[in-house]
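Subject: Structure handover

Hello,

Here is the structure I said I would pass on. My notes on it follow below.

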Amino acid sequence: MDGTAVSEHERFMQLALEQAALARRAGEVPVGAVIVLDDSVAGRGHNASVSLNDPTGHAEILALRDAAKTTGRYRLVGSTLYCTVEPCLMCLGAALHARVARIVYGASDHRVGATGRLEALREAGAGFNHRFEVVGGVMADPASSLLLDFFRERRAVTQAGDSSAFNG
């Protein structure tokens, strides 16, 4: 990967980090995502499961929905999904169905991140009809810091006795 590709990834990851900051201000787990198609942002999203009362309200899903609405099609062939945290299996399944070409994420999620799990399913015989490139670790430090700070604050509030402060 040349220096230009890295700067493009960082440019769009910065937009995803801005979405994550919106989630944090709303009291949601700070994860953000953008869909890039033809070098421009086609969709944006940030975690909103609590505010939408929707278990599918993940940043990636909302960005995919926004991009589909913007483009007028649910197949997002040639697009790149930038997300601040490694996507879960649900979000990867949606990206597969949308025919996203590339997933670029910041922080790894060893608990529910599923890029490695998806590949393991393929190796075990799952016949997915689409593949995408995966690039991890782009601006991982700021993405990780957002999450760590958020959960540290939540734990401090909970330990202080206000358990209603954590909804997710």
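Helices (H or I, at least four residues) and strands (E, at least two) are DSSP runs, numbered from the N terminus. This is a predicted model: local features need pLDDT of at least 70 and side-chain atom pairs count only at pLDDT 80 or more, while totals for chains, interfaces and linings use all residues. Residues are numbered from 1 along each chain as its sequence is written, and side-chain values use heavy atoms, with hydrogens and water left out.

Overall layout

The protein chain has 6 helices and 5 strands, in the order α-β-β-α-α-β-α-β-α-β-α along the sequence. Its C-alpha atoms fill a box of roughly 50 × 35 × 30 Å along the principal axes.

Of the 168 residues, 41% are buried. Buried means under 20% relative accessible area, exposed over 50%, and partly exposed in between (1.4 Å probe, protein chains only). Among contacts with a separation of 6 or more, 58% join residues 24 or more positions apart; contact means heavy atoms within 4.5 Å.

The largest pocket

Rolling a probe the size of a water molecule over the atoms shows where empty space is left. The search uses a 1 Å grid over the protein atoms alone: a cavity is a set of points where a 1.4 Å probe fits but cannot get out, and a pocket is an open set with protein on both sides within 12 Å along at least five of seven lines. Lining residues have an atom within 4 Å of a point. Grid points are joined across faces, edges and corners, and a volume is the space filled by probe spheres set on the points.

The largest pocket has a volume of about 750 Å³. Its lining holds 31 residues, with V29, V31, N47, D109 and F151 nearest the centre. Which helices each supply at least two residues of that lining? They are α2 (49–52), α3 (59–71) and α6 (140–159). The largest share, 7 residues, comes from α6. By type, the lining divides into 16 nonpolar, 8 polar and 7 charged residues. Here Ala, Val, Leu, Ile, Met, Phe, Trp, Tyr, Cys and Pro count as nonpolar, Asp, Glu, Lys and Arg as charged, and the others, Gly among them, as polar.

The buried residues of α4 are C91, L92, A95, L96 and A98. Down the axis of α4 they fall within an arc of 165 degrees, so they line one face of the helix. The arc is that of the directions from the helix axis to the C-beta atoms. Their cover includes α3, β3 (80–85), β4 and α5. Just after α4, R99 has a positive phi of about 65 degrees.

In α5 (residues 115–123), the buried residues are T115, L118 and R122. These fall within an arc of 60 degrees seen down the axis of α5, so they too line one face of the helix. The cover over them includes α4 (89–98), β4 (102–107) and β5 (133–135). G125, which follows α5, has a positive phi near 110 degrees.

Most residues other than glycine have a negative phi, and most peptide bonds are trans. D38, in the loop between β1 (32–37) and β2 (40–46), has a positive phi of about 55 degrees although it is not a glycine. D38 counts as exposed, at 73% relative accessibility. N53, in the loop between α2 and α3, has a positive phi near 55 degrees and is exposed at 72% relative accessibility.

T56 also belongs to the loop between α2 and α3, and at 25% relative accessibility T56 is partly exposed. Leaving aside neighbours within four places in sequence, T56 is in contact with I61, R65 and M90. T56 and M90 are 34 residues apart in sequence and 8.2 Å apart in space, C-alpha to C-alpha.

S49 lies in helix α2 and is partly exposed, at 22% relative accessibility. Not counting residues up to four places away in sequence, S49 touches E28, D54, P55, G57 and H58. S49 and E28 are 21 residues apart in sequence, with 7.5 Å between their C-alpha atoms.

Regards
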